[in-house]
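Trainee: I would like to learn how to read a structure model. Could you walk me through this one?

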Amino acid sequence: MAPLLLCSGVAAVLLGTSRPLALLVYGIAALMTLRGHRGPARTRGTVLIATGLEPGALRSLLASRDDATVAVYRTDRVTEELRDLQDRYGLVLVVGQEHDPRAKERVSASGLSRQVPDIAEREVVLAGPRHFQRYVRGALARLAVPETQVRSTTVKSRQ
């Protein structure tokens, strides 16, 4: 959009359009370029990455998503309810303690890129404790997922 406005501004100057109008168009193009305006984000779906949620909260998050959603859930142990969510919604279970290197790797930049190769083109929703969200945000930054596509959701955690 900015290059189009920039060309419009140059054309206005060359064609003799009033100088204030040309400067206005030129200024708008410069601001849009500086802000990195790319228009509305176009995403291919959603990735939900979560841990520590009550089963009912996880179920409602999954039920509110469409078929293009990929859901990754880190858990210490697999329950019957999690298996049901895995079967019903295609939930990707990452099983292991919080500091288990294998579980951490699955929600790291390399692990997420293997599970969701197009993650940079998706909206990402994070749910879980603050330290978990901070860790995953770091992984998303390494994968060049725009911050505008990442958001956190507040849901009840298990006590």
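Trainee: What percentage of the 159 residues of the chain count as buried?

Mentor: Buried means under 20% relative accessible area, exposed means over 50%, and partly exposed lies in between, with a 1.4 Å probe and protein chains only. Here 36% of the 159 residues count as buried. This is a predicted model, where local features need pLDDT of at least 70, side-chain atom pairs count only at pLDDT 80 or more, and totals for chains, interfaces and linings use all residues. Residues are numbered from 1 along each chain as its sequence is written, and side-chain values use heavy atoms, with hydrogens and water left out.

Trainee: How many helices and strands are there in the chain?

Mentor: Helices (H or I, at least four residues) and strands (E, at least two) are DSSP runs, numbered from the N terminus. The chain has seven helices and five strands. Starting at the N terminus, they run α-α-β-α-β-α-β-α-α-β-α-β.

Trainee: What is the order of the strands in the open sheet?

Mentor: Two strands count as paired if DSSP finds at least two bridges between them. In this case the order of the five strands is E3-E2-E1-E4-E5, and the pairing is parallel. E3 (92–95) and E5 (150–152) are the edge strands, each with a single partner, so one side of each has no neighbour in the sheet. On average, neighbouring strands are turned by 15° against each other, direction ignored. For such angles, axes are lines fitted to C-alpha atoms, for helices over the stretch in contact, and angles run from 0 to 180 degrees between N-to-C directions.

Trainee: Which residue of E2 is the bridge partner of Ala-50?

Mentor: That is Tyr-73. Strand E1 (residues 46–51) pairs with E2 (residues 70–75) in the parallel sense over five bridges, and Leu-48 stands opposite Ala-71 in E2. Five of the six residues of E2 are buried, so this strand is largely enclosed by the rest of the structure.

Trainee: Which strands does helix H3 touch?

Mentor: Contact means heavy atoms within 4.5 Å. H3 (residues 55–63) packs on the sheet and touches E1, E2 and E4 (123–127), with its direction at about 175° to that of E1.

Trainee: Is Thr-46 buried or exposed?

Mentor: Thr-46, which lies in E1, is buried, with a relative accessible area of 9%. Its contacts, not counting residues up to four places away in sequence, include Arg-65, Val-70 and Glu-123.

Trainee: How many residues are in the largest nonpolar core?

Mentor: A nonpolar core is a set of buried Ala, Val, Leu, Ile, Met, Phe, Trp, Tyr and Cys residues joined through side-chain atoms within 4.5 Å. The largest one here has 18 residues, and among those with the most contacts inside it are Ile-49, Leu-112 and Val-136. The elements giving two or more residues to this core are E1, H6 (109–115), E4 and H7 (130–142). H7 gives the most, with four residues. A second, separate core of 14 residues includes Leu-53, Leu-58, Leu-61 and Leu-91.

Trainee: Which residues of H7 are buried?

Mentor: They are Phe-132, Gln-133, Val-136, Ala-139 and Leu-140. Seen down the helix axis, the buried residues of H7 fall within an arc of 120°, so they line one face; the arc is that of the directions from the axis to the C-beta atoms. The face turned away from that buried side carries the exposed residues Arg-130, Arg-134, Ala-141 and Arg-142. What covers the buried residues of H7 includes E1, H6, E4 and E5.

Trainee: Where does Ala-144 lie?

Mentor: Ala-144 is in the loop between H7 and E5. Its phi is near 60°, a positive value in a residue other than glycine. Ala-144 is exposed, with a relative accessible area of 56%.

Trainee: Is Val-116 buried or exposed?

Mentor: Val-116 counts as buried, at 1% relative accessibility, and its place is in the loop between H6 and E4. Leaving out residues up to four places away in sequence, Val-116 touches Val-47, Val-70 and Arg-122. The C-alpha atoms of Val-116 and Val-70 are separated by 7.7 Å, with the two residues 46 apart along the chain.
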